[in-house]
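Here are some notes for a colleague who is opening this entry for the first time.

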Amino acid sequence: MKALFHVNEPDRWPRVLLNINNFLRDVGSGNASIEVVANGAGVLAYSQGKQDLIKQMEKLHGQGVVFAACRNALNMHNISEENLPVFVTVVPAGITEIVQKQAAGYAYIKP
Amino acid sequence: MKALFHVNEPDRWPRVLLNINNFLRDVGSGNASIEVVANGAGVLAYSQGKQDLIKQMEKLHGQGVVFAACRNALNMHNISEENLPVFVTVVPAGITEIVQKQAAGYAYIKP
Amino acid sequence: MKALFHVNEPDRWPRVLLNINNFLRDVGSGNASIEVVANGAGVLAYSQGKQDLIKQMEKLHGQGVVFAACRNALNMHNISEENLPVFVTVVPAGITEIVQKQAAGYAYIKP
């Protein structure tokens, strides 16, 4: 099963991480490919995120979850790529990533 | 035509039901497979819903619309499954349901 | 690449147009089929939209972006079709359009 989560508002992150944890518990981490794409103000959580959110992301990353950040959004919010947590993948444009993943069979979810 | 509506905020329900009514009027109920998946606080409408919302759901259910509730969300909100309206289907995890339906060709809509 | 943007809240328009501009800059306008479907209060931007939004839409329309309005939503908000900007396409029901486009391979994005 393949799932792409789209986050463009910072307050949605706790909900997104809860959704992913429930999903993984239901299907097993070996049975799911999961990517989170943050664009717009969604990227703020990567740089100004509360430590408990970052820790949850790190743990999920250890289970194979991909955390992506839109470069346009990072630039717009003056976030330097070097300051991002090491588990974050920067993509040139969040929308392109979302379109490509859906074309590759990922379900789209907007929590 | 196959459509999955995702509801995770209680105030979106009137909009969701209006969307479904307009959709059915446009295409005819015999030509559409429709499922609504409520997770997060979206499930509150099933237990604390205003009676006019529940009545609209009941009527749509009579036209074949499936109303699903995420068990994780029910537990989190202390909603007992026995207290749900009879037309509600409980699924183990809302996200899994959303992913599976999209894999089965359902369009995703987040009103 | 094919992308459908769904707008049902008027304040999301600046974000939608920014997303589309970034997407087109990333992939090139010759490589993307883009449609925006406005329903609910999303259609208000077509009639009461700030001129800078309308101008951005016009420019994107010139690059091939389709801007659609749900007729049910226009009726509900008492917007006459003759008063819409010429670049707007009216569709009988926004949800039907969204379902059909996804069935035709368009990725769904809700900014």
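By what turn, and with what shift along the axis, can chain A be laid on chain C?

1. The model is a predicted one, and this should be kept in mind throughout. Chain A can be laid on chain C by a turn of 120° with a shift of 0.0 Å along the axis, and the RMSD is then 0.0 Å. That is the relation of a three-fold axis.

2. Chain B is related to chain A in a corresponding description: a rotation of 120°, with 0.0 Å of shift along its axis, superposes chain A on chain B at an RMSD of 0.0 Å. Here too the copies use different surfaces, with 11% of the contact residues of chain A recurring in chain B.

3. The contact between chain A and chain B takes 18 residues from chain A and 16 residues from chain B. The size of an interface is often given as the accessible area lost when the parts come together. Between chain A and chain B the buried area is about 1300 Å², and carbon and sulfur atoms give 60% of that area.

4. Across the interface of chain A and chain B there are two salt bridges by the rule applied. In one of the salt bridges, the side chain of Arg12(A) meets that of Glu9(B), at 3.7 Å from N to O. Five residue pairs are in polar contact between chain A and chain B, where both residues have pLDDT 80 or more.

5. Which elements of chain A each supply at least two residues of the side that touches chain B? They are strand 1 (2–7), helix 1 (13–27) and strand 5 (107–109). The largest share comes from helix 1 of chain A, which gives eight residues to that side. By class, the side of chain A that touches chain B has ten nonpolar, two polar and six charged residues.

6. Turning to the other neighbour, the contact between chain A and chain C takes 16 residues from chain A and 18 residues from chain C. The area buried between chain A and chain C is about 1300 Å², with 59% of it given by carbon and sulfur atoms. Ile95(A), Thr96(A) and Val99(A) supply 35% of the area that chain A buries against chain C, which is more than any other three residues.

7. The count of salt bridges between chain A and chain C is two. Glu9(A) forms a salt bridge with Arg12(C), in which the closest N and O atoms are 3.7 Å apart. Between chain A and chain C, five residue pairs are in polar contact, again with both residues at pLDDT 80 or more.

8. On the side of chain A that touches chain C, helix 4 (71–76) and helix 5 (94–103) each supply at least two residues. Helix 5 of chain A gives the most, with six residues. The residues of this side divide into seven nonpolar, seven polar and two charged.

9. Why can helix 5 of chain A be called largely enclosed by the rest of the structure? Seven of its ten residues are buried, so helix 5 of chain A is largely enclosed. The buried residues in helix 5 are Gly94(A), Ile95(A), Thr96(A), Glu97(A), Ile98(A), Val99(A) and Gln102(A). Just after helix 5 of chain A, Gly105(A) takes a positive phi of about 95°.

Notes: Residues are numbered from 1 along each chain as its sequence is written. Chains are lettered from A and ligands numbered from 1 in the order in which they are written. This is a predicted model: local features need pLDDT of at least 70, side-chain atom pairs count only at pLDDT 80 or more; totals for chains, interfaces and linings use all residues. Side-chain values use heavy atoms; hydrogens and water are left out. Copies are superposed by least squares on the C-alpha atoms of residues with pLDDT of at least 70 in both. Contact means heavy atoms within 4.5 Å. Buried area is the accessible area (1.4 Å probe) that two parts lose on being put together, summed over both. A salt bridge is a side-chain nitrogen of Lys or Arg within 4 Å of a carboxyl oxygen of Asp or Glu. A polar contact is a pair of N or O atoms within 3.5 Å; within protein, one must be able to donate a hydrogen and the other to accept it, and residues adjacent in sequence count only if both atoms are side-chain atoms. Helices (H or I, at least four residues) and strands (E, at least two) are DSSP runs, numbered from the N terminus. Ala, Val, Leu, Ile, Met, Phe, Trp, Tyr, Cys and Pro count as nonpolar, Asp, Glu, Lys and Arg as charged, and the others, Gly among them, as polar. Buried means under 20% relative accessible area, exposed over 50%, partly exposed in between (1.4 Å probe, protein chains only).
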